[in-house]
Amino acid sequence: MNTEFYADRRKRFAETMADNSFYFVCSGNYVESTDDANYIFQPYRNFVYMTGRQDVDATLVMVKLNGKVTETLFMHIPDERELRWMGTRFDAEDIKAKTGISNLVPNENWDSFISRIMFKNDIQTVYMDMARWDMNYPANEAQKRANRLKEIYPYLQIHNAYQTICKMRTIKDAAEIEAHRKAAAITEEAVKNILSNMQPGMTESHIEAYYDFVLKKHGCKFPAFTTIAATGKNACIMHYMDNDTVTQDGELILFDLGAQYDLYCTDVSRTYPVNGKFTERQKQLYNIVLKGLEVAESMSKPGQLKNELQQISKKVMAEELVKIGMIEKEEEISKYYFHGSGHFIGLDVHDVGDSDDTVLAEDMMFTLEPGLYFDEEKIGIRIEDTILITKDGCEVLSGGIPKTVEEIEAFMAKGK
Ligand SMILES: [Mn+2]
């Protein structure tokens, strides 16, 4: 990604900072899993957003003094042993060039740096950056640093900049949209690989492997989230992730999956006949969900209240269920439909910034995901797209992934 995008984000944030203040955001650290192993490192997304980097134990500091902003990146500098064992890549000049931050400082210098800016200047305000939902989580690096600052400089006003930056993240810039497009294109190729290879008798995870293969081929080490591959009645379990059931001829299989590129996510659900052909009944129910999705997509444009899209999908599906006699009154749809209709998407799958009164605006990205679940028929159907709001409508980034009955049957017939 181009350096200018990160510099621009920092500049826009700096404009919201009070004069004579500083902001810091930490990338985070490894979390121990078992024995001498760690969980996969997940960099703090606001750090990535502001720097484009995914380093362990790094901190960005922006100091604003008399209207002038200086930026410093604190990093862990690997020693000889680490370079040998871990192969850690560290090229200071490259980091400076890619981030646009010219001050690169070892973590060990944190205390002296803080002492210096606090000694010379009348800083009263500090912005930390912390997403947190639970009192019982252990303190993270950002909290530890904020606590220490407060201890030494008890007069400091400490604010959380998290929401300000999350709000910026809801409007994607060109570089972010490009990354989302790449993630969507990889997902499309991967789902098509499933369709070309899926056969009744395979386990769900065997089918999932055709998807994983394409992700790895494109250098995506991990998907955006744990894949759901749920055949038959498993599709009625919202967070089914065992993926160990043998698929049967005549069943539908529900996939909820997505690739990520540069951490930018795709989130797609599709429901396909394992053998390549829908039964009449499956087609009837499938087309109701598809109609629910299509009507919401047709109304996705700037100015539209996002939450209304859920109601629109729900109403259309309820009307159709009444028509075919599955329910008598529209409100009875809650028997078959019980989840939300979608979420913002970005550096996180369930991205930040969404609220009950979100009005759609150009360059927002979100998903729509209506579904219907018929336990007694062992059929669960969800169809989900990743959507970009454009100037006067929307673009369905996942639109190339077979979705209508005709597209699905034609594609699967060709692949066999
Ligand atoms: Mn999904």
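Biologist: Which residues form one aromatic cluster here?

Modeller: Phe22, Phe24, Phe74, Trp110 and Phe113 form that cluster. This is a predicted model, in which local features need pLDDT of at least 70 and side-chain atom pairs count only at pLDDT 80 or more, while totals for chains, interfaces and linings use all residues. Residues are numbered from 1 along each chain as its sequence is written, and side-chain values use heavy atoms, with hydrogens and water left out.

Biologist: How many aromatic pairs are there, and why is the pair of phenylalanine 255 and tyrosine 272 called stacked, tilted or edge-to-face?

Modeller: Rings of Phe, Tyr and Trp (for Trp its six-membered ring) pair if their centres lie within 6.5 Å, and planes under 30 degrees apart count as stacked, over 60 as edge-to-face and the rest as tilted. By this rule there are 12 aromatic pairs. The ring centres of phenylalanine 255 and tyrosine 272 are 6.3 Å apart and their planes stand at 50°, so this pair is tilted. Because phenylalanine 255 belongs to strand 8 (residues 252-257) and tyrosine 272 to strand 11 (residues 268-273), the pair ties together parts that are 17 residues apart in sequence; strands here are DSSP runs of E with at least two residues, and helices are runs of H or I with at least four, numbered from the N terminus.

Biologist: What makes phenylalanine 278 and tyrosine 286 a pair of one class or another, and is each buried or exposed?

Modeller: Their ring centres lie 5.0 Å apart with the planes at 55°, so this pair is tilted. Buried means under 20% relative accessible area, exposed over 50% and partly exposed in between, with a 1.4 Å probe and protein chains only. Phenylalanine 278, at 6%, is therefore buried, and tyrosine 286, at 0%, is therefore buried.

Biologist: How do you know that arginine 145 lies over the face of tryptophan 110?

Modeller: A charge sits over a ring if NZ of Lys or CZ of Arg is within 6 Å of the ring centre and within 35 degrees of the ring normal. Arginine 145 lies over the face of tryptophan 110 at 4.3 Å from the ring centre, and arginine 9 lies over that of tyrosine 49 at 4.5 Å.

Biologist: Why are strand 4 and strand 6 said to stand at the edges?

Modeller: Six strands form an open sheet of mixed pairing in the order 4-3-2-1-5-6, where two strands pair if DSSP finds at least two bridges between them. Strand 4 (103-106) and strand 6 (157-160) each have a single partner strand, so one side of each is left without a neighbour in the sheet.
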